[in-house]
Number of protein chains: 2
Amino acid sequence: MDKPIPCSFAQTLGAFASGTETPREFLDACIDEIEEREGDVQAFTFLQLDAARAAADASTQRWEEGSPLSAIDGMPIGVKDVIETADMPTQMGSGLFEGWSPGFDSASVHALREAGAIIVGKTVTTEFAATRPGPTRNPYDLARTPGGSSSGSAAAVGCGMLAGGLGTQVVGSIIRPASYCGVVGFKPSLGGINRGGSHDYMSQSCQGVLAATLEDAWQMAIEIVMRAGGDPGYPGLVGPAVAPDAVKPGTLAFLETPGLEIATPAARAALEEALENLRRAGVTIVTRRDSKALAALEDALHETLPLTRQINAWESRWPLNTYVDRDVSKLSKGMVDRLHEAEAMNVEDYRARLVRRDEIRALFAVLRHEAAACITLSAPDVAPVGIEATGNPIFAVQASLLGVPALTLPVATLGGLPLGLQAIGYLNEDAALFSTAAFVQGTVGDIAIDCEKS
Amino acid sequence: MDKPIPCSFAQTLGAFASGTETPREFLDACIDEIEEREGDVQAFTFLQLDAARAAADASTQRWEEGSPLSAIDGMPIGVKDVIETADMPTQMGSGLFEGWSPGFDSASVHALREAGAIIVGKTVTTEFAATRPGPTRNPYDLARTPGGSSSGSAAAVGCGMLAGGLGTQVVGSIIRPASYCGVVGFKPSLGGINRGGSHDYMSQSCQGVLAATLEDAWQMAIEIVMRAGGDPGYPGLVGPAVAPDAVKPGTLAFLETPGLEIATPAARAALEEALENLRRAGVTIVTRRDSKALAALEDALHETLPLTRQINAWESRWPLNTYVDRDVSKLSKGMVDRLHEAEAMNVEDYRARLVRRDEIRALFAVLRHEAAACITLSAPDVAPVGIEATGNPIFAVQASLLGVPALTLPVATLGGLPLGLQAIGYLNEDAALFSTAAFVQGTVGDIAIDCEKS
């Protein structure tokens, strides 16, 4: 099997403008990949190729007329199947929603269409974007998970079936699958992209994007936000109308999350090499040994996973209780257990968790004065073997709890399988994070650790 | 026509406990009112009386066994028709949603059922809880509007067809109709009641309650919050498990909103009498002439209506754009105009409005050091004649923009028609507002202004 190659959309815009390539040709290349790989990878719950071809033809015409609707006009995109679409079912990885359609597009999907993007299909999600996986396989190794919960978007972008995917993250659901599938994953600041019409209600939930490059990820996100804003009451993703240029950071913080304890030697070696490359380029790397603030944060981060689980449980009491009323036999044990955990809590317990989350967020915010961003792994290892679980979210959950922007950069391979390097920024400074990440990606280069597959 | 008498549920609990009255009898009295008045008042879009009777029988049995589920076990409640219900359609006052049902209860409705409350039916809302009225008439005078957008809940509680109603408010949609229909209306602090499954997405939107008494309003709200919490990420309504006792405030601020300029002489006379009664009881009433902070706030409040309109417009861009895609002929001109206003804005315009809103909220928050609550009218007059418009929201919108709790108290009648006195409190101090309001209601008494009907 050849190494899958995610396709960059932004790099093709010049060819569209000059007429040497068309959006229809770009889409056809994606459809070729779909026809070749989808039978194995199973990234989609629904495909509408004819509608996509018609949309690509319309986009081609706009480019030919010199009047594209935006810099993502013609970009083939897949929509995680918890996000509503007018013309396709939204099934949320649950038998309870088999064939269900609300009849309306989500805020983000409507914005993408306004911008001329091509909605190719719905992509596999775990059950209600939580734990129980769908059928998707990792395009780098079909024996492995693509990660979750944005499984299909990551896998499809990872092998060039799509140029971009919408995802959502409340624990690790963008960063983890993007890391496993060798693509850029972007979870914005809290409220950065309007969640209207997306079934991700939780207070840490964010809608985000998966794409081949930083440029594509930014463009997709900002085009949505220019048209649909962020969540009501939030400023939404703040930044320029095109991807920010790379900016060399003076200092980066090496975030030693609890995940490092379980990271494999190869993963640690990749991280070390990345840090060493950055140091060699003149970036100061601070660690807990240099910074009391960083040490205090890292100590607190040991609570992140249980705190997130409890907050998510309370916030899932509804609608899970209505799902159980409807047909408990269609829910996984994990979902029923989550409801039981919620029902063992009361609103006071929940408030206490919110207070603690705010305290940890405050510990993070002060780092802003010490480092341009935090750097760590995106996962403890490459995608694990098996598709009955979606891997460990211990690295990805940190930015979810903190409510801050995170990017995973596909800069490393271990034994040929991708692993992401994660950059974590500050609230509503997503554009600065992109600038830092662009420098990091350019500086770190491709790290190939030669090892046995784990 | 007799004066409609809203029915207090809390005052009947002793009779339920002792067995001298049953929830079934209480419901039957409501149904008698429905049978007598609903043909004229038209408060409901859907009634399920048989299911309600069965639920009341089950409640009766629980009370007889000495094991009611809560202090609202058996309370007959109506649900504003933007809030989803599993067993009844949710039509949002729009032909676009005729017969539509999501198949699941909203968070609040599920919580009410868990607490043993009886869901009697869905109540009329204006189109998408905005401007275009439904068919509902004011139970005090069928020639007049009940107010909106929680029209049906207010009218039904106002004439004892229900003991309580769920409502929503983003401009004046609880306080205004409650004022016009002679009931208590409670708009909680931002995020106070979980909006899950309710089609009120905007950043100022709150779910709230309408009831005959302060006691009932508190109990209904707190029973929901104990089971469903507030909006994700918010503490939710904070306070005791039973309605707070009356507490005499040292000082109240008389909030001279822009609405006073258009208040009728009779309305101003009622307000003056209320303030005089409070002064006589030893409460200090501060005004803009005593307090620079209050004067600064009041000056800023002149922006409230346009600022709210602009914020709501941007936040309605979605889903209105999807509704237009579906069938623009089924939307009112007001909704289409709102979409056009949104499309003339960009996300930067919206951010500027949020910043200004935050500034005004900060001006309000400092009043906390000067007064226990603010007092003003709930509307410039009694309900206007005609049902083609729902009245002026200029008094009610203030607390919506501020994000703080507000109560309207049915203490005045002008020429026999109700007008509410409004008490506005501080963020997440809803319980203190109830204590102050209970004192105000007890002290002000019934104010009857003898005047020609306006």
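Modeller: The following account begins with the relation between the chains, turns to their contact, and then places that contact within the fold.

The model is predicted. Chain A is superposed on chain B by a rotation of 180° with 0.0 Å of shift along its axis, and the RMSD is 0.0 Å. That is the relation of a two-fold axis. The same surface serves both copies, since 100% of the contact residues of chain A recur in chain B. Among the residues of chain A, the one that comes closest to the rotation axis is P102(A), whose C-alpha lies at 4.0 Å.

P319(A) has its place in helix 10 of chain A, and the peptide bond from W318(A) to P319(A) is cis, with omega near 10°. In chain B, a cis peptide bond joins W318(B) and P319(B), with omega about 10°. P319(B) is placed in helix 10 (residues 304–327) of chain B.

The loop between strand 2 (76–80) and helix 4 of chain A holds M92(A). The phi angle of M92(A) is near 55°, a positive value in a residue other than glycine. Is M92(A) buried or exposed? A residue counts as buried if 20 or more other C-beta atoms lie within 10 Å of its own; M92(A) has 23 such atoms within 10 Å, and is therefore buried.

F128(B) is found between strand 3 (118–123) and helix 5 (151–158) of chain B, and its phi is near 50°, a positive value in a residue other than glycine. F128(B) is buried because 25 other C-beta atoms lie within 10 Å.

It remains to set the contact within the fold. Chain A has 14 helices and 12 strands. The C-alpha trace of chain A spans about 60 × 60 × 45 Å along its principal axes. Of the 454 residues of chain A, 64% count as buried. Among contacts in chain A between residues at least 6 apart in sequence, 78% join residues at least 24 apart.

Finally, strand 5 of chain B illustrates how strands are joined. Strand 5 of chain B pairs with strand 6 (residues 206–211) of chain B in the antiparallel sense over 3 bridges, and F186(B) stands opposite V209(B) in strand 6 of chain B. Strand 5 is also joined by 3 bridges to strand 10 (residues 406–414) of chain B, and these two strands run antiparallel. Here the bridge partner of G185(B) is T408(B) in strand 10 of chain B. V184(B) and F186(B) point one way from strand 5 (residues 184–187) of chain B, whereas G185(B) and K187(B) point the other way, and all are buried.

Definitions and conventions
Residues numbered from 1 in each chain as written. Chains lettered and ligands numbered in written order. Predicted model: local features only at pLDDT ≥ 70, side-chain atom pairs only at ≥ 80, totals over all residues. Least-squares fit on C-alpha atoms with pLDDT ≥ 70 in both. Contact = placed C-beta atoms within 7 Å. Buried ≥ 20, exposed ≤ 12 C-beta atoms within 10 Å, placed from the backbone. Helix = DSSP H or I, 4+ residues; strand = E, 2+ residues; numbered from the N terminus. Pairing = 2+ DSSP bridges.
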